[in-house]
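Trainee: Could we go through this model together? I would like to begin with its pockets.
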Amino acid sequence: ESFLLLVEKHKIVAENAGVLSVAALRKIKEKGKKIVSILSGGNIDVLTISSMINKGLVVRGRIFRFSVNLPDKPGQLVAVSQILSEQNANVIRLEHNQFKNLNRFHDVELQVTVETNGEEHIKKIIEKLNEKGYVIKRLNSQEIE
């Protein structure tokens, strides 16, 4: 999250170890002290940068990834998409795979990644999906590709 803060707000890229001092500063509760944080290092590759940004977005609630089992019948994908649209969740990725679920003749697993506006937005999305009878399984940041 500290890495993302530096990139997003200050346009600074530092290696993971170089960002630790910023993470530590965010834990200090005392106000009014003058503290210097040293940022260092550029030993970071593009894939790591991408991964750090994605994980930071997940921690902030800006990306939400979930799975839901749907009845294997026409119209279910459209129904979920409609709910997401009504909640202003921007779909980044969908995986609708009939062959991933062992109970393939009855259900299909849908994995969805959406862009959101934070945890309150995510709660509203889950609430609306639950109202329509969908059971949501939240996927963690390690499962984001």
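Trainee: Which element gives the largest share of the lining of the largest pocket?
Mentor: That is H2, with four residues. Please keep in mind that the model is predicted. Helix H1 (2-10) and helix H2 (16-25) are the elements that give two or more residues to this lining.

Trainee: And which residues line the largest pocket?
Mentor: The lining consists of Glu1, Ser2, Phe3, Asn16, Val19, Leu20, Ala23, Arg26, Lys27 and Met52. By class, five are nonpolar, two polar and three charged. The space in this pocket comes to about 170 Å³.

Trainee: Changing topic, which residues have the most contacts inside the largest nonpolar core?
Mentor: They are Phe66, Leu84, Leu129 and Tyr134, in a core of 17 residues. Strand S1 (63-71), helix H4 (76-86), strand S3 (107-115) and helix H5 (119-131) each supply at least two residues of this core. There is also a second, separate core of six residues, among them Phe3, Leu6, Val19 and Val22.

Trainee: What does Leu129 touch?
Mentor: Leaving aside residues up to four places away in sequence, Leu129 touches Phe66, Val80, Ile83, Tyr134 and Ile136.

Trainee: What is the bridge partner of Phe66 in S3?
Mentor: Phe66 is partnered with Val112. S1 and S3 pair in the antiparallel sense, over nine bridges.

Trainee: How many bridges join strand S2 to S3?
Mentor: Seven, and strand S2 (residues 90-97) runs antiparallel to S3. One of the pairs is Asn90 with Glu115 of S3.

Trainee: Is S3 mostly covered or mostly uncovered?
Mentor: S3 is mostly covered, as seven of its nine residues are buried.

Methods: Residues are numbered from 1 along each chain as its sequence is written. This is a predicted model: local features need pLDDT of at least 70, side-chain atom pairs count only at pLDDT 80 or more; totals for chains, interfaces and linings use all residues. Side-chain values use heavy atoms; hydrogens and water are left out. A nonpolar core is a set of buried Ala, Val, Leu, Ile, Met, Phe, Trp, Tyr and Cys residues joined through side-chain atoms within 4.5 Å. Buried means under 20% relative accessible area, exposed over 50%, partly exposed in between (1.4 Å probe, protein chains only). Contact means heavy atoms within 4.5 Å. On a 1 Å grid over the protein atoms alone, a cavity is a set of points where a 1.4 Å probe fits but cannot get out, and a pocket is an open set with protein on both sides within 12 Å along at least five of seven lines; lining residues have an atom within 4 Å of a point. Grid points are joined across faces, edges and corners, and a volume is the space filled by probe spheres set on the points. Ala, Val, Leu, Ile, Met, Phe, Trp, Tyr, Cys and Pro count as nonpolar, Asp, Glu, Lys and Arg as charged, and the others, Gly among them, as polar. Two strands pair if DSSP finds at least two bridges between them.
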